[in-house]
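Welcome, and thanks for taking a look at this one. Below is a short tour by topic, meant to be read with the model open beside you.

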Amino acid sequence: MKETRIIITGDMLPMPCNYELFRTGDTKALFGERLCELFAQADYRVCNLEGCFTDGDTAIEKVGPNLKSPTDTIHAIKKLGIDYATLGNTHSMDYGVQGFYDTCKTLTENEIGYFGWGENESAVKSCAVIEHNGRRIVLYNTTEQFENAPAADRPGVNLYDEYRVCNEIRELKEGCDYLIVFYHGGIEGTHYNSEKMRTRFHRMADNGADVIISQHTHAVGEEERYHGAYLLYGQGNFCFHFREQVTPLLSEGLVLELSFGDDGFTAKPHRILRTEKGCIYDEKQELDEFYRRSKAHDALLSGDENAEKEFEEGFSKDCANWTSVFLSVFRGKNSEDSEKRATLSPAEFLQYLKSSYSREQLLAMQMFMRNEEFNEVGNQILSDLLRETDTKENHT
């Protein structure tokens, strides 16, 4: 029987630098001919929509960017042939209820399916089903919690809860031939996956997932073949120009081509390169570092000490990019910090922050981050403080 080919992209959302190209549907200018041909040859195409389509301006309160695109920029996504968009991610709820309904309306009007979220906690649509060439393929989307949790009266996403998600995967697999999981999570900017991520992926695969793809990190990670399943730890961006500066981290991504047959499936990553306005197919397909890191990942799982050291050091180095932000948020209002930030280089300011904490304070911070009880306590304290702030602001 004829195969079923599915193309999967990483993060995509129109940005100010390419709004006009998305409005006019100029896919050739955005993605180049080779990528457009790759998409045209597939039976189905799936993207992660890293934000919402809305013309409203009411953003939720959060730290970090609130991402949206005007509703009329959908045209290039439609023309590229995208059939489904995953919406269980970091930014899909950035514009709250209006952003949710505007996005649903925009995608529906353009005949693009979506999954991974819903209008309340009882109505979250976690998956979509493809029926093609006599086979049934389920697409399943889950995400870690950010400012995106649903409630009884609020839209939100399909949050990752290991017990529930693994049960759902197992039940869904009983009624399909293949199951693809889109997992939105991990640490932004990391090329090396963590033990926590590996454990989650293995458990989902043990419960029936055939393919698991990690998005959100904006970086290319590793691939693994685990008990017949294909795991991709970090797909990188597709067309997501949320930062103007093109670092090596943001310069590349992977488009994953899956071919499903009667006797199994194949997974082929295609390297893409970011351009000023979009992305193009890498004609050289320079994937040596990706495959080298993947080989080291296999060695890590076999207990190789050198591989363990590489992953520990690589993950630590990538996470270090967050150190200054992490330490700063615990400082409170501090005029000395403001003065230092204005006069010191970023590296010098980081050293200043590090020297401001005692070992005991660092251990206490780690306790609140690591220990489940204190993690919950810390979140409750912050929720109460935010409510106090709201009350004071409303009375002034």
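A residue counts as buried when its relative accessible area is under 20%, and as exposed when that value is over 50%. Keep in mind that this is a predicted model.

**Helix H8**

- Helix H8 takes in residues 305-319, 15 residues in total, and its first and last C-alpha atoms are 21 Å apart, close to the 21 Å expected at 1.5 Å a residue.
- Which residues of H8 are buried? They are Ala 307, Phe 311, Gly 314 and Asp 318.

**The cavity**

- How many cavities of 30 Å³ or more does a search of the whole structure find? The search finds one.
- The largest cavity holds about 60 Å³ of space.
- Its lining consists of Asn 237, Phe 238, Phe 240, His 241, Leu 250, Glu 252, Gly 253, Ile 272, Leu 273, Arg 274 and Cys 279.
- Strand E15 (237-239), strand E16 (252-261) and strand E17 (264-274) are the elements that each give two or more residues to this lining, and E17 gives the most, with three residues.
- By class, the lining of the largest cavity has six nonpolar, three polar and two charged residues.

**The second largest pocket**

- About 210 Å³ of space lies in the second largest pocket.
- Around this pocket you will find Ala 320, Asn 321, Thr 323, Ser 324, Val 325, Ser 328, Arg 341, Pro 346, Ala 347, Phe 349 and Leu 350.
- Helix H9 (323-328) and helix H11 (346-355) are the elements that give two or more residues to the pocket lining.
- Six nonpolar, four polar and one charged residues make up the lining of the second largest pocket.

**Val 129**

- Val 129 belongs to strand E8, which covers residues 127-132.
- With a relative accessible area of 32%, Val 129 is partly exposed.
- Leaving aside neighbours within four places in sequence, Val 129 is in contact with Tyr 84, Arg 136, Ile 137 and Val 138.
- Leu 49 is 80 residues from Val 129 in sequence, and their C-alpha atoms are 18 Å apart in space.

Note on methods:
Residues are numbered from 1 along each chain as its sequence is written. This is a predicted model: local features need pLDDT of at least 70, side-chain atom pairs count only at pLDDT 80 or more; totals for chains, interfaces and linings use all residues. Side-chain values use heavy atoms; hydrogens and water are left out. On a 1 Å grid over the protein atoms alone, a cavity is a set of points where a 1.4 Å probe fits but cannot get out, and a pocket is an open set with protein on both sides within 12 Å along at least five of seven lines; lining residues have an atom within 4 Å of a point. Grid points are joined across faces, edges and corners, and a volume is the space filled by probe spheres set on the points. Helices (H or I, at least four residues) and strands (E, at least two) are DSSP runs, numbered from the N terminus. Ala, Val, Leu, Ile, Met, Phe, Trp, Tyr, Cys and Pro count as nonpolar, Asp, Glu, Lys and Arg as charged, and the others, Gly among them, as polar. The expected span of a helix is 1.5 Å times one less than its number of residues. Buried means under 20% relative accessible area, exposed over 50%, partly exposed in between (1.4 Å probe, protein chains only). Contact means heavy atoms within 4.5 Å.
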